[in-house]
Amino acid sequence: MAEIFYLWEDREEPHSPYWNMAADELLLEKAAPHLEYPLLRLYRWDRPSLSIGRSQSYPFEQEGSYCIVRRPTGGGNVFHDVDLTYTVVVPAHHHILQLNRMDSYRIFHQAMLPMVAKLGFSGELQQREQEKVDRATMKCFASPSRFDVVDRGGEKFAGAAQRRTRAGILHQGSIKLELTRGDWDALERALLEAFRTGLEVEYSPWKPDAEFLAGVDLLTREKYAGKEWNCEFGA
């Protein structure tokens with residue numbers, strides 16, 4: 001019997017990179033404790049953006065080309081002009097929380113492998129960590145991590161980063177648009193089908209209420225759009 005995933009198709013209007021990260025943080029810290037099921041969010045960016053991991057060095061050299069925001073999760077630097085982004089929030093009572101960190105990461109990418117094949121590419125899970133990677137300056141798609149989706153030559157198709165708190169898991173994922181020759185809509189449809197079949201879920205529509213959205217706006221202004229979080233936190 002399929003389980004339920006809430007689905008927030010947050011695609012009607014692209015958001016700023018600051019708003020996107022604020023929304024994900026609040027999904028974990030404010031929404032997750034009240035969720036009966038995991039929640040999948042699909043969203044887009046309103047400008048060429050670069051998100052950096054929670055502990056990454058701030059890339060001042062990219063400021064002229066990209067809007068830079070620090071994620072609440074770890075991982076490397078991800079450019080968001082050539083990818084599809086999604087978030088899964090898993091509440092603390094869900095069985096995924098019984099898995100260790102790497103296994104909870106693996107199951108989402110395992111579900112994508114048939115999707116990659118249907119789109120005409122050969123995909124597999126990266127089995128080893130890259131050696132001698134500088135974690136402070138790591139570029140996500142140039143440095144595959146264990147259980148990322150890669151081709152047989154090691155080129156990375158999909159990666160993610162997680163944060164665990166008492167509220168649950170925040171899983172932020174990125175998939176190369178190369179898989180659908182730049183077609184966002186086609187890749188979103190493919191991802192929804194991949195999770196539906198690979199994770200054996202059915203979707204239930206979810207929309208945030210006005211109080212949640214007001215909280216996102218406030219967190220955007222007070223944290224994610226600020227220099228202290230973006231430039232200085234990882235120093």
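The sulfur of C67 has its closest cysteine sulfur in C231, at 11 Å, which is too far for a bond. This is a predicted model, and a look through it turns up 0 disulfides.

**Cysteines**
- Seen from the other end, C231 finds its closest cysteine sulfur in C67, and the 11 Å between them is too far for a bond; a disulfide would need the sulfur atoms within 2.5 Å.
- C67 is buried, because its relative accessible area is 13% and the cut-off for buried is under 20%.
- C231 is buried too, with a relative accessible area of 17%.

**The sheet and its helix**
- Three strands make up an open sheet, running in the order β4-β3-β5 with mixed pairing.
- At the edges are β4 (67-70) and β5 (78-79), each of which pairs on one side only.
- Helix α1, residues 17-31, packs on this sheet and touches both β3 and β4; the direction of α1 makes about 15° with that of β4.
- Strand β3 covers residues 49-52 and pairs with β5 in the antiparallel sense, over 2 bridges.

**Aromatic pairs**
- Searching the whole structure gives 11 aromatic pairs.
- One of them joins Y58 and F60: the ring centres are 4.6 Å apart and the planes meet at 65°, so this pair is edge-to-face.
- Are Y58 and F60 buried or exposed? Y58 counts as buried because its relative accessibility is 13%, whereas F60, at 52%, counts as exposed.
- W206 and F212 also form an edge-to-face pair, with 6.2 Å from centre to centre and 85° between the planes.
- Both W206 and F212 are buried.
- Ring pairs also bring in W8, linking W8, W206 and F212 into a cluster.

**Charges over rings**
- Which residue lies over the face of Y43? That is R41, at 3.9 Å from the ring centre.

Note on methods. Residues are numbered from 1 along each chain as its sequence is written. This is a predicted model: local features need pLDDT of at least 70, side-chain atom pairs count only at pLDDT 80 or more; totals for chains, interfaces and linings use all residues. Side-chain values use heavy atoms; hydrogens and water are left out. Two strands pair if DSSP finds at least two bridges between them. Helices (H or I, at least four residues) and strands (E, at least two) are DSSP runs, numbered from the N terminus. Contact means heavy atoms within 4.5 Å. Axes are lines fitted to C-alpha atoms, for helices over the stretch in contact, and angles run from 0 to 180 degrees between N-to-C directions. Rings of Phe, Tyr and Trp (its six-membered ring) pair if their centres lie within 6.5 Å; planes under 30 degrees apart count as stacked, over 60 as edge-to-face and the rest as tilted. Buried means under 20% relative accessible area, exposed over 50%, partly exposed in between (1.4 Å probe, protein chains only). A charge sits over a ring if NZ of Lys or CZ of Arg is within 6 Å of the ring centre and within 35 degrees of the ring normal.
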